[in-house]
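I opened this notebook page to keep a record of what I looked up in the structure, entry by entry.

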Amino acid sequence: MGIESSCDETAAAIVRADKTGKATILSDVVRSQIAEHKDFGGVVPELAARAHVVHLDQIIARACTNASHTLSQVDAIAVTAGPGLIGGVLVGLTTAKALCAALNKPLIGINHLEAHALTARLTNNIQFPYLLLLVSGGHTQFIAVTGVGEYQIWGTTIDDALGEAFDKTAKMLGLDYPGGPQVEHLAKNGDKNRFKFPRPLLNRPGLDFSFSGLKTAVRLAAEKIAPLSEQDVADICASFQHTVTIILAKRSANALERFKQEFSPQNPTLVVAGGVAANKAIAKALDNVAIQANARLIVPPLNLCTDNAAMVAWAGIERFRLGAFDDFSCPARARWPLSEPDMHVLNSKSKFESAP
Ligand code: KG4
Ligand code: ZN
């Protein structure tokens, strides 16, 4: 069983894997809190934590019903232990610990980013190594995934995450939260060449991102031509989306180049995950980048790209196989960079390697 409560989705899922590695999602229940946060234009941590308390038990019960399982039939409980909004993480982690104590099941604390990073192995059964572009409301990162617990962060945002930039742009234009889907929708009727927004870091070496200068440029452009007509809003959306698409495409081409140099894979694989992967214009541009680089692009189905508990359950399965369990001292962590060495996995792997 997987449990997720680190942001504004309360989720529980049951995933089964056979010995060959093939996985089946038996249930995958997600309750989004968009309605609770809409009036505030973003996620309010305190409200999120309270909503998780109210709903998590029922979501877990529904995950069991949908999978025709009882809680005592699951082999282990995997739960997001961070990074995220600490109140929400505490709700999920404490619930998981209580269930494990009552049912005498192993506990597996999962790094939420690891869950995103391993999802393509659940959906497409791919082998290590692969390159991951994680683009969500909280993260914008290139990660070379070389094994369970082995993540090299090649690039990250030095300020806003890309989803956050979409959300802030939408808010400035008076659009609803979450802004990404609204911006994409309105961009369809806009002129992407009307505004020439800056492309921060684009021609600098490295694989980092920066979006806060772009956000300021959008605000200044909007203020200059206020009051905005419908067409103005559409043109700003289209120009903003065009700019971030160019930035992502150029950076992804460079990241694939580095990946090919370091790992010389037969078929380099680029996986895109996170809510922004839902954006069709971005997905199309990345598809072109992959074709140019002779690489395979994998975009897991949207419900597994955005926050969910099936990915947490799957990361739990990957760690279960390595014997990388946690005890009840497992902490809730607001910050938890994937680049930290993973002692659990390292210890388990060395046990495997030294076994006769
Ligand atoms: O992965 P996710 O569901 O939650 C986390 O942040 O972990 O991602 C949500 C983010 C939001 O910022 C939302 O605006 C963005 O993904 N998003 C999009 C689109 N759909 C969702 N951004 C651009 N275009 C979209 N179609
Ligand atoms: Zn996420």
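**Entry 1, the cis peptide bonds.** I began with proline 129, which I found in the loop between helix H4 and strand E6 (130-135). The peptide bond that joins phenylalanine 128 to proline 129 is cis, with omega at about -5 degrees. I keep in mind here, and for the entries below, that this is a predicted model. I then looked up another cis bond, and found that glycine 82 and proline 83 are joined by one whose omega is about -15 degrees. Proline 83 sits in the loop that runs between strand E4 (77-82) and helix H3 (86-103).

Histidine 112 has its place in helix H4. Is histidine 112 buried or exposed? I noted a relative accessibility of 5%, so histidine 112 counts as buried, the cut-off being under 20%.

I next looked up how the chain is divided, and the domain assignment gives domain 1 as 2-118 + 304-354 and domain 2 as 128-299. The contact between them draws 22 residues from domain 1 and 23 residues from domain 2. Their C-alpha centres lie 27 Å apart.

I then asked how much area domain 1 and domain 2 bury between them. The value is about 1,800 Å², and 67% of it is on carbon and sulfur atoms. On the side of domain 1, I noted Ala117, Cys305 and Leu338, which supply 27% of the area that this domain buries against domain 2, more than any other three residues.

For specific pairs across the interface of domain 1 and domain 2, I found zero salt bridges by the rule, while four residue pairs are in polar contact, both residues of each pair being at pLDDT 80 or more. Which elements give two or more residues to the side of domain 1 that touches domain 2? I wrote down helix H4 (112-124), helix H11 (310-322) and helix H12 (343-354), and H4 gives the most, with five residues. The residues on this side of domain 1 divide into 10 nonpolar, five polar and seven charged.

Leaving aside neighbours within four places in sequence, alanine 63 is in contact with Met1, Ala12, Ala13, Ile14, Ser27 and Val29. I also checked alanine 63 against valine 345, which is 282 residues away along the chain, and their C-alpha atoms are separated by 28 Å.

Glutamine 241 lies in helix H8, which covers residues 230-263. I wanted to know which residues glutamine 241 is in contact with once its neighbours within four places in sequence are left aside, and I listed Phe166, Val183, Glu184, Ala187, Asn279 and Ala281. With a relative accessible area of 9%, glutamine 241 is buried.

Isoleucine 225 is found in helix H7, residues 212-225. Apart from neighbours within four places in sequence, isoleucine 225 is in contact with Arg194, Phe195, Asp232 and Ile236. I set isoleucine 225 against tyrosine 177 as well, and these two are 48 residues apart in sequence and 23 Å apart in space, taken from C-alpha to C-alpha.

Serine 68 has a positive phi of about 50 degrees although it is not a glycine, and it lies in the loop between helix H2 (45-66) and E4. Asparagine 294, also a residue other than glycine, has a positive phi near 60 degrees, and its place is the loop between helix H9 (280-292) and strand E10 (296-298). Are these residues buried or exposed? Serine 68 counts as exposed at 65% relative accessibility, and asparagine 294 is exposed with a relative accessible area of 64%.

Technical notes
Residues are numbered from 1 along each chain as its sequence is written. Chains are lettered from A and ligands numbered from 1 in the order in which they are written. This is a predicted model: local features need pLDDT of at least 70, side-chain atom pairs count only at pLDDT 80 or more; totals for chains, interfaces and linings use all residues. Side-chain values use heavy atoms; hydrogens and water are left out. Domain bounds come from an automatic or database domain assignment. Contact means heavy atoms within 4.5 Å. Buried area is the accessible area (1.4 Å probe) that two parts lose on being put together, summed over both. A salt bridge is a side-chain nitrogen of Lys or Arg within 4 Å of a carboxyl oxygen of Asp or Glu. A polar contact is a pair of N or O atoms within 3.5 Å; within protein, one must be able to donate a hydrogen and the other to accept it, and residues adjacent in sequence count only if both atoms are side-chain atoms. Helices (H or I, at least four residues) and strands (E, at least two) are DSSP runs, numbered from the N terminus. Ala, Val, Leu, Ile, Met, Phe, Trp, Tyr, Cys and Pro count as nonpolar, Asp, Glu, Lys and Arg as charged, and the others, Gly among them, as polar. Buried means under 20% relative accessible area, exposed over 50%, partly exposed in between (1.4 Å probe, protein chains only).
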